[in-house]
Amino acid sequence: MSDEDFDLPTDFPTNIDINNSKPKSPAMPFLKKVMNALNLISYIVVLSTYLVATYSNIGINNLSDEELLNKHPTLLTPSYRSTKFIWGVIFFSQGVFAVAQLWVIRCRDHILLVEGIGPMYILASFAQLIWYVSFAHGMLVTSFVFLFGVFVCAVGLLARQYQTFQKAEMKIESKNAADMVVPGTLAQKKEEFVDDGYWLLRFPFGIYAGWISCMIPLMLSIVLSTLEVDVVVLVWVAVMSVALLTGLSMGLLLRKENGLPSYSMPSAIAYFFCGVRVELEAPNDIILAMYDEAYLNLLKNVSAIAAVMLLVTAVSRFGAVYLRDRCMKKEEQDDEYDATAGLDEVDYVQA
């Protein structure tokens, strides 16, 4: 039997669930609402803890976060003003996310939230709360363990989003009609999906993961310092940490996979290096007593070079990607024009 014997539909639904073969449980909408509410509650609890530790007179365990940093100075401690600013950016962006994912329909049902974030933000907030409290109570090893848990959750969240993003791009590029619309988004073309949900669902966690990545070597230095490790070891830990964070950032900036490079996480790391450089310009008395001037100059130069390197790479990479996209768009427009002109010419000759 030939294809002409069938009356095939010429239009397809504009919102197709590619998982329609699996019946949805009636409990799924309720569970999604619970997850969204828990995201908001987690944000409120962590934000409240931070505000108490930063702006209240009692702090946590009668110590503010500034007093804690002054009590445990390291070569990787950024200036307190820069620390307050970046946490302000993180909590503001996460606050917008926490509200939007609960009340904005486009964000609430977005695939990057449902499949990308999942329970990872709740777990990260729980670990961050214990990190705050244990650090204030002097349980430094426990604090480091839970900070590492925050790091794992934050990076895992970004990895889940990236995998979801890659799968969605493959579905958009698929020739299967059921894959033409990505569930939870309004994007039907690859170029529409690239920026879809970025500022609400991806940017807050990129900055967050970048800053938490910098806190890992900072807390490690604090733990080693309290264990009275040799000063040379602490210097090597600081230098190697700067090198590893720079390598991580370069990998994110120069990646060639589908999608744009990641700028938020490397930007947070570059900002951390700037904060370290500023703090080492006028270190406190404990640092001056522990380290020679040569060590301080070494860390100042290394952190400054790493910050400049990352910022220059980010700007140049952004410019290169922008010019590449403009050229590709121009070529596509030229190809469409040539194809249309060729068809018009053929129709004219046949007529």
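This report describes the fold, helix packing and selected residues of a predicted model.

## Basis of the description

The model is predicted, and local features are taken only where pLDDT is at least 70, while side-chain atom pairs count only at pLDDT 80 or more and totals for chains, interfaces and linings use all residues. Residues are numbered from 1 along each chain as its sequence is written, and side-chain values use heavy atoms, with hydrogens and water left out.

## Overall fold

The chain contains 14 helices and zero strands, where helices (H or I, at least four residues) and strands (E, at least two) are DSSP runs numbered from the N terminus. Read from the N terminus, the order of elements is accordingly α-α-α-α-α-α-α-α-α-α-α-α-α-α.

Of the 351 residues in the chain, 42% are buried; here buried means under 20% relative accessible area, exposed means over 50%, and partly exposed lies in between, with a 1.4 Å probe and protein chains only. When contacts (heavy atoms within 4.5 Å) are taken between residues at least 6 apart in sequence, 78% of them join residues at least 24 apart.

Two packed helices are described by the angle between their axes and the distance between the axes. The axes used here are lines fitted to C-alpha atoms, for helices over the stretch in contact, and the angles run from 0 to 180 degrees between N-to-C directions. Angles under 35 degrees count as roughly parallel, over 145 as roughly antiparallel, 65 to 115 as roughly perpendicular, and the rest as oblique. A crossing is left-handed if the near helix is turned anticlockwise from the far one by less than a right angle, and right-handed if clockwise.

The axes of α10 and α12 come within 7 Å and cross at roughly 40 degrees, which makes α10 oblique to α12. The crossing of these two helices, α10 and α12, is right-handed. On the α10 side the contact is made by Phe203, Gly206, Ile207, Ala209, Gly210, Trp211, Ser213, Cys214 and Met215, and on the α12 side by Ser264, Met265, Ala268, Ile269, Tyr271 and Phe272.

For α11 and α12, the axes come within 9 Å and cross at roughly 150 degrees, and the two helices are therefore roughly antiparallel to each other. The crossing in which α11 passes α12 is left-handed. Here α11 contributes Val242, Leu245, Thr246, Leu248, Ser249, Leu252 and Leu253, whereas α12 contributes Met265, Pro266, Ile269 and Phe273.

With a salt bridge taken as a side-chain nitrogen of Lys or Arg within 4 Å of a carboxyl oxygen of Asp or Glu, the count comes to one salt bridge. The side chains that form it belong to Glu281 and Arg277, with an N to O distance of 2.0 Å. Glu281 and Arg277 are four residues apart in helix α12 (residues 264-281), and are thus separated by about one helical turn. Glu281 is partly exposed at 47% relative accessibility, and Arg277 is also partly exposed, with a relative accessible area of 26%.

Helix α3 (residues 80-103) includes Ser93, which is buried at 9% relative accessibility. Apart from its neighbours within four places in sequence, Ser93 is in contact with Phe203 and Pro204.

Gln94 also lies in helix α3 and is buried, with a relative accessible area of 3%. Leaving aside neighbours within four places in sequence, Gln94 is in contact with Tyr43, Tyr121, Pro204, Phe205 and Tyr208. The C-alpha atoms of Gln94 and Pro204 are separated by 5.5 Å, although these residues are 110 residues apart along the chain. The side chains of Gln94 and Tyr121 are joined by a polar contact of 3.1 Å, that is, a pair of N or O atoms within 3.5 Å, where within protein one must be able to donate a hydrogen and the other to accept it, and residues adjacent in sequence count only if both atoms are side-chain atoms.

## Loop residues

The loop between α10 (203-226) and α11 (231-253) holds Asp230, which is partly exposed with a relative accessible area of 48%. The side chain of Asp230 reaches the backbone nitrogen of Val232 at 3.0 Å. Glu228 is found in the loop between α10 and α11; although not a glycine, Glu228 has a positive phi of about 60 degrees, and at 72% relative accessibility Glu228 is exposed.

Asn62 is placed in the loop between α1 (27-55) and α2 (65-71). Its phi is near 60 degrees, a positive value in a residue other than glycine, and Asn62 is exposed at 64% relative accessibility.
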